[in-house]
Amino acid sequence: MGITGKGIKVAVFDTGLAKTHPHFKKIKERTNWTNEKTLEDKLGHGTFVAGVIASNKECLGFAPDSELHIFRVFTNNQVSYTSWFLDAFNYAILKKINVLNLSIGGPDFKDHPFVDKVWELTANKVIMISAIGNDGPLYGTLNNPADQMDVIGVGGINFQDQIAKFSSRGMTTWELPQGYGRVKPDIVTYGSAVRGSSIKGGCRSLSGTSVASPVVAGAVALLASGVPESIVNPASMKQALMASARRLPAISMFEQGHGKLNLYKAYQILKNYRPQVSLSPSYIDLSECQYMWPYCTQPLYYGAMPTIVNVTILNGLGVSGHIIGKPQWYPYIPQNGQYLDVSVTHSELLWPWSGWLAVSIAVNSDGANYEGLAQGHINLTVESPAASDHAKPRQSTVQLTIRVKIIPTPPKHKRILWDQYHNLRYPPGYFPRDNLRVKNDPLDWNGDHIHTNFKDMYQNLRNVGYYVEVLGSPFTCFDASQYGTLLIVDPEEEYFPEEIAKLQRDIDSGLSVVVFADWYNVTVMQKVKFYDENTRQWWMPDTGGANIPALNDLFSTWGVEFGDRVFEGGFKLGDHEMYYASGTSIARFPEDGILIARELKDQGQSIVSTENVDMKYTVPILGLLQFKYANNSGRVAIYGDSNCLDSSYIDKPCFWMLNAMLEYTSTAHLPSVFQDNALLDKTSIVATHTPQRMDGNRLYLYSKVLENNLGEAHARVLPQCPHLVWAQAVPLNVSAPSNLYKSQKLLSVVDEANNIEAGAISRGELEDAGHTSLWGWRNKQHNPPVAQHHGRNTTLPDGPMVFLLLLSCATLYFTVRWCRQRTRQKRKKPRLKRLLSIMQCGRIPAV
C-alpha cells in the first residue's frame with residue numbers, strides 16, 4: 001500500500017529530542033518552550049515517545065515518513081507550566097499540525113485556559129491523542145486532557161490483552177454531583193514493556209499510558225496519510241478508531257472504552273467514510289455485564305432515583321452543530337418499553353466536534369410490579385452548517401437503543417441512599433487527602449462516588465443484598481419514607497438550614513443515618529499547605545478530610561458531636577483487624593447510646609510538633625444510638641474514619657463493619673460485635689475540643705451552599721429540586737435484537753454481506769450519493785443500477801456473437817492472470833500490511 005505517514009505533521013509535546021538522533025529521518029522542527037536553554041532530551045521520555053511514532057531504524061515506529069515537530073514543554077526536572085503549553089499550542093495551530101501527542105496529564109479539568117486551548121486546537125482540525133493516566137487500578141482517576149470529549153483518550157493493556165494495572169479508569173468526574181460521568185478511555189492499546197528509541201540510539205522498554213498514547217498517535221498519522229485529506233478530522237478519526245476497536249471480554253467500558261486498537265479495520269472504515277454522527281456508548285444495555293458495569297449490577301425499580309447515562313455525541317458533519325428539535329423516545333411494546341420513562345437533555349451546541357447527551361431512565365407506576373426486560377430507542381438528528389462542497393446544511397440521524405432490567409420495588413430496609421451532594425473534591429479547591437500518611441498525592445480528586453473510589457464498598461453492599469441509590473441534590477429533594485438508611489461518607493460541603501430541619505423530621509419519622517467521618521484540625525490544615533508554582537500562591541485546605549463543623553451542626557439536635565484531634569493506629573474489633581487512618585473522635589454522645597473506644601496515637605500532634613507521639617489515648621471511634629422521639633424513630637451509627645471504605649489508599653477494609661452498622665440501622669438488631677465491645681467506663685476517654693471553622697477560609701468559592709457577602713460567608717438560597725421532563729413516548733410494535741452489541745458491531749467490522757441496513761443516515765450525503773451511510777466503508781451499492789434506454793430498445797446479441805464475446809473475455813482474463821503471476825514475487829510487501837501482520841500476532845511495531 002505504501003502508506004508510511006508521508007505528508008502528516010505530528011507534534012510531540014514532551015521532553016525534547018536530539019537533532020542528530022539516528023532513528024529519525026524527518027525531524028522538521030524543534031522548539032523549546034521551557035525556561036531551560038536547550039532543545040535536547042536529557043530524560044529520554046520524549047525520545048521514546050517520538051520513536052514509537054516515527055522511528056525508522058531498529059525499534060520501528062508506525063509512521064516513519066511523517067514530519068516530526070518536537071515541542072519541548074518539560075524541563076529536565078519534569079517541571080512544566082500551563083503558560084508554556086498555551087504558547088506551544090498556539091504555535092502548533094500556526095504550523096497547521098495534523099496530529100498532536102500528549103503523553104502527559106493531570107487531574108485539573110478546571111484549568112480553564114488549558115482546557116479552552118485544547119478545544120481551540122481540535123476546532124482547528126488538530127487530532128489530539130493523550131494518555132489517560134497511570135493512576136489505576138482505582139476508578140475515577142482519569143487525567144486531563146484525555147478526559148475531554150474532543151480528545152482521543154488512550155488506556156494501556158499488556159501483551160495478554162489485559163488492562164494494565166497502572167492504566168487509569170473512568171468514569172469522568174466533571175459532572176458530579178448532580179450528573180454522571182462519561183465513558184473514558186476511548187480505546188486501549190499496548191502500554192506494557194513496549195520497546196522504543198533510547199536517547200543515544202538503540203532501544204529500551206517502557207511501560208505506562210505514556211507509551212500507549214504514541215502507539216495510537218502513530219497509528220493515526222499512518223491512517224491520515226492513507227485516506228483523502230478532506231475526510232480527516234478529530235471526529236471522523238475518533239469514530240473510526242472506536243468503531244473498529246475489538247472489545248476485550250469481561251472488562252468494563254470504564255476500563256477499556258470501546259476496546260483494543262485495530263489499525264487495519266480503522267483504515268477500512270476511513271477509506272470509504274461519509275460524514276455522520278455517532279454515539280459513545282453506541283447503545284445502552286443496563287443488563288449487560290461485565291461491559292456495562294456498574295449499570296448492570298443493579299436493576300431499576302419504581303420509585304428509585306433516575307439512572308443517568310452520559311452519552312458522548314461525535315459529530316463528523318462539522319466542527320459545530322446542534323440537535324434539531326427534541327430527541328424522540330420510542331418504547332417497544334412487545335419488549336415492555338411502556339414501563340420506562342425517559343428524559344433527555346443535551347448540549348445546546350456541539351463544539352468542537354462533540355457534545356453530551358444525558359439520558360435519565362426511570363420505571364413508571366405501571367411497571368411497579370413488573371419483573372423482566374424493557375426496551376426501546378431514542379432517535380435524534382444533528383445538523384451542521386453546509387460544507388464547502390454543499391449548498392445546504394448537513395444532517396445525520398442516529399439511534400440509541402435502550403434495554404434495562406426491571407424488578408418490583410425492594411423493601412424499604414434494603415434501600416440505601418448515598419449522599420453525593422455534600423462531597424467536594426479537587427478541582428477546583430484544595431481538599432486534602434483523608435489519609436495524612438499519603439505524602440505523594442495530597443489532593444482528594446477521585447470524586448468520592450460509589451462508582452469511583454468507593455467502588456469496592458458499593459460492590460460489597462450489592463453482594464449482601466442492598467440497593468444503593470445516589471442523591472445529587474440537597475436533602476430537601478428526596479422522600480425519606482422510601483429508604484431505610486441515608487449513608488453519609490466523608491462530606492466536605494456545608495448544609496442548608498432547611499436540610500438540617502428536614503433531616504430532623506425524617507429521622508423522627510423513621511429514617512436512619514450512617515456516617516463515616518474524617519479528620520479535622522485547623523492547625524494540621526495550616527501545616528499541610530503547599531506552594532503551587534503554577535499559580536504562584538500558597539494553597540491552604542478549606543476543610544480537613546471531612547467538614548466536621550458542618551457535621552456537628554447537622555447532628556447538634558441529638559447531642560452528637562465529633563472532636564478536633566486527629567488519631568491513627570491499628571486495633572482489633574471482635575475477630576477483625578482494623579486500622580484507623582487519620583480519623584476524628586466522638587467528643588459528645590448521648591448517655592443512652594453505645595460507644596466503642598480503642599487505644600490510638602495522636603497523629604495530629606506528630607504532624608505539628610516534635611513531642612512524644614508514642615503515647616496512646618482511649619479514643620471513642622464508633623457510636624450507635626436509637627432515637628426515641630416516636631415509636632418508629634430512626635437510628636444513627638457514626639464512625640470517625642472513612643479510609644477503610646475508600647479504595648484510594650485502603651489498608652484494612654471495614655466492609656464487614658459497614659454491613660453490621662446497616663444491620664443495626666435498618667432492622668434495629670444490635671450485632672454482638674458492638675454489644676460485646678461497648679465502652680462501660682467513660683471517665684478515661686480522651687478530651688477533645690469542638691472544632692471551629694478556619695478563619696478566612698475560602699470554602700464559599702467552591703461550595704454549592706455558601707456564598708460570600710461583604711466578607712462574610714452565609715447560606716445561599718436553597719436551590720430548586722431537579723425536575724425531569726419525561727419525553728413523550730411514541731410506542732412501536734417492533735422487536736429489538738437479542739444482542740445489542742452484536743447488532744452494533746455490524747456497523748464497525750468488515751462484513752461481506754451487502755444487504756445489512758445502515759443505522760444512521762447522513763442526509764447531506766443523500767443528495768449526492770443516493771444511499772444511506774453509517775461508517776462509510778459499509779456504503780456498498782445495494783441495488784444494481786438501472787439501464788437508461790433513452791427511447792431506444794435494447795436487445796441481447798444473437799448466439800454466435802455471444803460465443804465470440806465470451807471467448808474474448810476468457811482469453812483476456814487468463815492472459816492478465818498469467819502476467820500477474822509472473823511479476824508477483826518481485827513486489828515488496830506493502831508497509832501497512834507489514835505493520836498489521838506484526839500487530840495481529842500479538843506484537844506491535846518497535847518490538
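**Loops, backbone angles and cavities**

Author: Pro352 sits in the loop that runs between strand S15 (340-346) and strand S16 (354-363). Helices (H or I, at least four residues) and strands (E, at least two) are DSSP runs, numbered from the N terminus. The model is a predicted one, in which local features need pLDDT of at least 70 and side-chain atom pairs count only at pLDDT 80 or more, while totals for chains, interfaces and linings use all residues. Residues are numbered from 1 along each chain as its sequence is written, and side-chain values use heavy atoms, with hydrogens and water left out.

The peptide bond leading from Trp351 into Pro352 is cis, with omega near -15 degrees. Another cis bond joins Gly170 to Met171, and there omega is near 0 degrees. Met171 belongs to the loop between strand S6 (152-157) and strand S7 (187-190).

Most peptide bonds are trans, and most residues other than glycine have a negative phi. Glu58 is not a glycine, yet its phi is positive, near 55 degrees. Glu58 is placed in the loop between helix H1 (45-54) and strand S3 (67-72). With a relative accessible area of 59%, Glu58 is exposed (buried means under 20% relative accessible area, exposed over 50%, partly exposed in between, with a 1.4 Å probe and protein chains only). Ala193, also not a glycine, has a positive phi of about 55 degrees. The loop that holds Ala193 lies between S7 and strand S8 (194-197). Ala193 is partly exposed, at 43% relative accessibility.

Asp614 is in the loop between helix H12 (603-608) and strand S30 (616-626). Its relative accessibility of 53% makes Asp614 exposed. From Asp614 to Leu600 there are 14 residues in sequence and 9.2 Å in space, C-alpha to C-alpha.

Now the space inside. The structure holds seven cavities of 30 Å³ or more. On a 1 Å grid over the protein atoms alone, a cavity is a set of points where a 1.4 Å probe fits but cannot get out, and lining residues have an atom within 4 Å of a point. Grid points are joined across faces, edges and corners, and a volume is the space filled by probe spheres set on the points. The largest cavity has a volume of about 60 Å³. Its lining has 13 residues, of which Phe109, Gly140, Leu142, Asp147 and Thr173 lie nearest its centre. That lining divides into eight nonpolar residues, four polar and one charged (Ala, Val, Leu, Ile, Met, Phe, Trp, Tyr, Cys and Pro count as nonpolar, Asp, Glu, Lys and Arg as charged, and the others, Gly among them, as polar).

Key:
On a 1 Å grid over the protein atoms alone, a cavity is a set of points where a 1.4 Å probe fits but cannot get out, and a pocket is an open set with protein on both sides within 12 Å along at least five of seven lines; lining residues have an atom within 4 Å of a point.
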